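Let's walk through a structure together, one feature at a time. Have a look at it first.

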Amino acid sequence: MKNIFSFLILTVFLFSCASNEEATKKYNPTPYEFTTQIPERDFPIYIPDDNPMTVEGVELGKKLFDEKLLSLDQNLSCTSCHNPDKAFASNNTFDEGFRGTVLTTNTMSLTNLVFNVYLGWDGKSTSLEESIIHTVESEEEFHENWDDVVVKLKDAGYSSEFFDAFGTTDISKELVSKAIAQYLRSNISLNSKFDKAYYYQDENVSFTPQEAMGFELFMSEVGDCFHCHRVGPFADNRMHNNGLDADPEEGFARYTKETYDIGKFKTVSLRNVGVTAPYMHDGRYKTLKEVLDFYSGHVNANSPNLDPNMDHLGPIDLTESEKEAIIAFLNTLTDEQYLNN
């Protein structure tokens with residue numbers, strides 16, 4: 001009897017080892033490689049060590065990004081607000097969340113997030129993964145709890161895809177967020193007219209005289225755009241108060257609890273800015289012309305914590321033709337191939 005019992009234990013052990021070995025052999029993720037040429041000097045890449053990108057992870061994340069099971073009433077997905085045709089932004093001043101709740105900030109573009117540190121207008125999240133977890137839990141957005149999300153995804157047959165991406169059939173909020181984060185980090189827009197002319201030196205592409213004038217103004221103290229929207233990502237991964245209001249909203253201070261962060265919001269990238277109107281965190285400006293009108297003589301100089309770059313040489317005073325030239329240049333940042341892919 002003892003021998004039989006020992007034999008059974010040995011059989012179970014060997015079967016377990018065989019199963020694990022089989023699972024190990026089957027889990028063979030493909031490292032993800034960016035298909036876009038990335039100029040390293042201007043584009044530092046931020047990929048967390050605990051979430052390396054794989055082809056399988058990106059594919060799963062893309063599917064989950066469009067998955068309405070993440071929301072409580074199954075009416076919302078990430079694409080409900082972040083439209084791929086609009087550089088993963090929206091042309092609404094404010095989009096609607098759970099059961100028509102009007103959100104309080106303009107939908108930000110999710111392009112080129114692999115080059116970003118701060119996430120969201122007010123810097124609420126310290127990582128892309130954390131931001132995704134918050135979106136599902138937010139009462140204004142998906143209004144769902146993660147235990148129910150996991151059950152719904154398992155019932156929908158996602159377990160095998162999670163195994164392909166992460167080597168486990170156990171679905172969790174951490175793995176869901178990691179998959180979507182991988183997909184978003186794969187969304188790179190670096191094939192605009194500007195890129196072809198400036199970075200890749202395409203002899204068949206060149207700026208018009210007006211676009212060249214706009215670029216010169218952008219990079220000079222006259223337009224003074226470059227301090228916050230540095231060439232390359234056309235952002236600076238920082239939070240600023242750009243003087244929108246004399247009595248600004250909390251902004252970054254909502255989470256840091258520091259008075260010197262009142263009124264500060266993230267500098268958004270200007271890439272594809274021609275298709276992501278309206279502008280600013282509250283969508284107050286409908287056109288790029290309105291934005292330049294604001295910066296040209298209407299910055300609130302007494303706004304607390306006003307960024308020094310906003311008035312270090314005095315107010316900007318652009319002529320109408322100079323504004324038109326800057327807008328022409330900004331439109332060279334539109335990546336048609338990216339928007340149509």
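**Reading the fold, the rings and a helix pair**

Q: What does the secondary structure of the protein chain come to?
A: The protein chain has 12 helices and two strands, where helices (H or I, at least four residues) and strands (E, at least two) are DSSP runs numbered from the N terminus. In sequence order the pattern is α-α-α-α-α-α-α-α-β-α-β-α-α-α. Keep in mind that this is a predicted model, where local features need pLDDT of at least 70, side-chain atom pairs count only at pLDDT 80 or more, and totals for chains, interfaces and linings use all residues. Residues are numbered from 1 along each chain as its sequence is written, and side-chain values use heavy atoms, with hydrogens and water left out.

Q: How many of the 341 residues count as buried, as a percentage?
A: That's 47% of the protein chain. Buried means under 20% relative accessible area, exposed over 50%, and partly exposed in between (1.4 Å probe, protein chains only).

Q: How do I read a pair of aromatic rings?
A: You describe such a pair by the distance of the centres and the angle of the planes. Rings of Phe, Tyr and Trp (its six-membered ring) pair if their centres lie within 6.5 Å; planes under 30 degrees apart count as stacked, over 60 as edge-to-face and the rest as tilted. This structure holds 25 aromatic pairs. Take F194 and F215: their ring centres are 5.7 Å apart and their planes sit at 80 degrees, so the pair is edge-to-face. Since F194 is in helix 7 (residues 193-199) and F215 in helix 8 (residues 209-219), the pair ties together parts that are 21 residues apart in sequence.

Q: Are F194 and F215 buried or exposed?
A: F194 is buried, at a relative accessible area of 0%, and F215 is buried too, at 15%. Ring pairs also link both into a cluster, with F43, F115 and Y198 among the other members.

Q: How do I read two packed helices?
A: Use the angle between their axes and the distance between the axes. Here, helix 2 (residues 55-65) and helix 6 (residues 173-185) pack at about 100 degrees, with axes 7 Å apart. Axes are lines fitted to C-alpha atoms, for helices over the stretch in contact, and angles run from 0 to 180 degrees between N-to-C directions. So helix 2 is roughly perpendicular to helix 6; angles under 35 degrees count as roughly parallel, over 145 as roughly antiparallel, 65 to 115 as roughly perpendicular and the rest as oblique.
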